[in-house]
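Here is a friendly walk through one protein model. Please have the sequence and the 3D view open as you read.

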Amino acid sequence: MERELGLELPEDLKTYFRLLNPDLTQREHGLFYGLIAIPLQFGDGERKDLSHLDSVFMDPNFQTIEAVDPPGTVRPVPFDAGWLPLAHDYGGAYIAVDLHPDERGQVGQIINFGARERKRFVLASSITELFTEMLQHVADGRVEQVCEGEAVELRFTDSEITHVLDLYEQFGASVLKPTPPLGRASPL
């Protein structure tokens, strides 16, 4: 993949897949606030399929991206071949690592995209930051780890919160940062 994209993957992303990929290929884990983690081979296959010319995401009439938060960080397109899917919800929503960011973004940032996602958000600057924030939410009691059999899921303790990307849509890119910006109350 690095050769195909002409870049080196971030070290923390390589570590994530080296440690978790063997288990991700055996069973589903809702590691991303309930979204199902995707094994590397499947994510790369999705990336290739979604960037193919006959993909709905490549149709110029498919969807208009309304906003990017923060502005200038994520390319305002339905899909980019530099987005490697990390997790999905089986309804067309994805969390991905952005290997081809816009001018103010950074390689390795974690973003959203999907068939119904009209806004792009930077969820974290890296997979390390995303997991650090998720673990802080576990420590603070806003997210719980649930083990069923050998599968692990991280989900919100507030039953009113049913989808992580809906939180971003409603409250913006900083909604799940451990300390919300001044003057803005966190819904958690």
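The report below covers a helix, the cores, some backbone features and the aromatic pairs.

## About the model

This is a predicted model, in which local features need pLDDT of at least 70 and side-chain atom pairs count only at pLDDT 80 or more, while totals for chains, interfaces and linings use all residues. Residues are numbered from 1 along each chain as its sequence is written, and side-chain values use heavy atoms, with hydrogens and water left out.

## Helix H2

Let us begin with helix H2, residues 11-24. Helices (H or I, at least four residues) and strands (E, at least two) are DSSP runs, numbered from the N terminus. From first C-alpha to last, the 14 residues of H2 reach 19 Å, close to the 20 Å expected at 1.5 Å a residue; the expected span is 1.5 Å times one less than the number of residues. At Arg18 the helix bends by about 35°, and Pro22 follows within four residues. The bend is the angle between axes fitted to the seven residues ending at a position and the seven starting there.

Which residues of H2 are buried? They are Leu13, Tyr16, Phe17, Asn21 and Leu24, where buried means under 20% relative accessible area, exposed over 50%, and partly exposed in between (1.4 Å probe, protein chains only). Their cover includes strand E1 (36-37), helix H3 (40-51), strands E3 (83-88) and E4 (93-98), and helix H4 (127-139).

## Two nonpolar cores

A nonpolar core is a set of buried Ala, Val, Leu, Ile, Met, Phe, Trp, Tyr and Cys residues joined through side-chain atoms within 4.5 Å. The largest one has 35 residues, and those touching the most other members are Leu13, Tyr16, Phe32, Leu86, Ile95, Ile110 and Val164. Two or more residues of this core come from each of H2, E3, E4, strand E6 (119-124), H4, strand E8 (151-156) and helix H5 (164-171). There is also a second, separate core of twelve residues, including Phe57, Val68, Phe79 and Ile111.

Leu13 is worth a look in the viewer. Leaving aside neighbours within four places in sequence, Leu13 is in contact (heavy atoms within 4.5 Å) with Leu84, Leu86, Val97 and Ile127.

## Backbone features

Most residues other than glycine have a negative phi, and most peptide bonds are trans. Here, the bond from Asp69 to Pro70 is cis, with omega near -5°, and Pro70 sits in the loop between strand E2 (67-69) and E3.

Tyr33, in the loop between H2 and E1, has a positive phi of about 55°. Tyr90, in the loop between E3 and E4, has a positive phi of about 65°. Are these two tyrosines buried or exposed? Tyr33 is buried, with a relative accessible area of 6%, whereas Tyr90 is exposed at 58%.

## Aromatic pairs

The structure holds twelve aromatic pairs. Rings of Phe, Tyr and Trp (its six-membered ring) pair if their centres lie within 6.5 Å; planes under 30 degrees apart count as stacked, over 60 as edge-to-face and the rest as tilted. Phe32 and Phe131 have ring centres 5.5 Å apart and planes at 55°, so this pair is tilted. Phe32 lies in the loop between H2 and E1 and Phe131 in H4, so the pair ties together parts 99 residues apart in sequence. Phe32 is buried, at 0% relative accessibility.

Tyr33 and Phe156 form a stacked pair, 5.0 Å centre to centre with 5° between the planes. Phe156 lies in strand E8 and Tyr33 in the loop between H2 and E1, so this pair ties together parts 123 residues apart in sequence. Phe156 is buried too, with a relative accessible area of 8%. Finally, Phe57, Phe79, Trp83, Tyr94 and Phe113 form one aromatic cluster.
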